[in-house]
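Colleague: I'd like a close look at one part of this model, strand by strand. Could you walk me through how the pieces pair up and where the charged side chains meet?

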Amino acid sequence: MRPQIPSFIQTTAVLSVLVLIGLHLPLQAEPPKIAQGQLQVEADPLAQTSVLPNLDTLWAALWEQLISSAAAADLTITDGSPQLIFDDTEDGDDRDWIILGENASGTSTDIWQLADLTHPQGSAPLNIFGGPNNNNSLFIDSSGDLSLAQSAVYIDRSTGHVNIGSTTETCCELFLTGDSHAELGFRSTDAGASTWEFEVGAFAFTLRENNANSIFIIDNGAPGNSLRINPLGHIGMGTGSPKDKLHVRNGNLRIEQTGATEHALLNFVANGTTWEIKQNKDTNRLTFFSPGGGAITSPFKFDRQATEN
């Protein structure tokens with residue numbers, strides 16, 4: 001059986017608690033100034049006990065509130081729009097900051113802000129909106145690696161590598177991972193500019209314009225040196241050491257004209273003179289001719305029905 005506490009002690013205790021609570025009420029326009037080093041937040045040793053004095057209902061309620069508050073947090077600011085100001089009194093470029101709680105920004109949105117009070121237009125470099133989908137929006141592990149948006153972006157501090165869509169790739173400084181395909185897009189802000197995309201799909205690497213025209217495609221498994229351009233501007237196909245502007249190794253060169261009104265042509269131009277090798281769309285003859293100098297000169301014509309040799 002707990003000992004009975006005299007009523008005058010209970011009354012004195014209740015009044016003491018009410019006075020302490022009253023000291024925290026906003027009785028003045030300016031918040032109380034606390035000298036540097038005078039504010040200390042410590043765990044309440046009373047919060048560690050489960051023994052509740054046998055007091056009346058009011059005293060019991062106040063006691064429970066004190067215990068629950070101490071156990072919940074070391075420092076709690078309770079207000080409809082809580083604010084915490086950091087006032088820099090140093091001479092020169094002193095900059096004051098404020099932490100704003102829910103609705104403190106003047107909106108009806110639940111938000112936590114870190115704002116610069118010194119900025120003339122008001123600057124809030126950090127805004128965190130409340131919601132069910134913001135878990136691990138910003139996460140820093142014990143190695144200092146940074147993860148954003150539930151690991152949608154992952155930065156490895158030790159290597160400087162950035163992963164988008166993955167946390168495990170280590171081959172490259174920037175690595176992009178997608179579910180069915182990964183895309184990287186570019187677009188200028190100029191009017192009429194196209195959108196260019198690099199896409200890696202299940203079967204090929206593609207350069208695409210406006211998500212429609214596939215300009216350049218490399219299939220998975222393409223052999224080495226399928227296309228090589230050396231410092232002289234020589235293009236090699238099947239060779240890593242092209243000797244001419246176009247060097248095809250171990251392959252054929254094909255010119256195909258699919259239009260019904262066009263000839264298949266191969267042009268040679270030197271010193272202002274042009275010679276063409278043409279497959280005539282009308283006669284199917286192979287013709288060597290020069291279209292320059294007025295009259296067309298065709299010294300050689302080969303018909304498909306010509307006698308061999």
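How many bridges join strand β2 to strand β3, and do they run parallel or antiparallel?

Modeller: Keep in mind that this is a predicted model. Strand β2 (residues 97-100) and strand β3 (residues 111-116) are joined by 4 bridges and run antiparallel. To place that pairing on the residues, take I98: its bridge partner in β3 is A115. On we go to strand β4 (residues 123-129), which is antiparallel to β3, with 5 bridges joining the two. Here W112 stands opposite I128 in β4. β3 and β4 make a hairpin with 6 residues between them, and G122 in that turn has a positive phi of about 80 degrees.

Strand β17 (residues 264-270) and strand β18 (residues 273-279) run antiparallel, joined by 7 bridges. A264 finds its bridge partner in β18 at Q279. The hairpin they form has 2 residues between the strands, and N271 in the turn shows a positive phi of about 55 degrees. β18 also pairs with strand β19 (residues 286-290), again in the antiparallel sense, over 4 bridges. In that pairing, E276 has F289 of β19 as its bridge partner. The hairpin of β18 and β19 has 6 residues between the strands, and N284 takes a positive phi near 60 degrees there. As background, in a regular strand the side chains alternate between the two faces of the sheet.

On to the charges. The salt bridge count comes to 5, and one of them is between K281 and D282, with the closest N and O atoms 2.8 Å apart. K281 is partly exposed at 33% relative accessibility, while D282 counts as exposed at 58%. R285 also has a charged partner: its side chain meets that of D303 in a salt bridge at 3.2 Å, N to O. R285 sits in the loop between β18 and β19 and D303 in the segment after β20 (297-302), so this pair ties together parts that are 18 residues apart in sequence. Both ends are partly exposed: R285 has a relative accessible area of 34%, and D303 comes in at 29% relative accessibility.

One more salt bridge to look at joins the side chains of E256 and R254, at 3.4 Å from N to O. E256 is exposed, with a relative accessible area of 56%, and R254 is exposed too, at 68% relative accessibility.

Notes
Residues are numbered from 1 along each chain as its sequence is written. This is a predicted model: local features need pLDDT of at least 70, side-chain atom pairs count only at pLDDT 80 or more; totals for chains, interfaces and linings use all residues. Side-chain values use heavy atoms; hydrogens and water are left out. Two strands pair if DSSP finds at least two bridges between them. A salt bridge is a side-chain nitrogen of Lys or Arg within 4 Å of a carboxyl oxygen of Asp or Glu. Buried means under 20% relative accessible area, exposed over 50%, partly exposed in between (1.4 Å probe, protein chains only).
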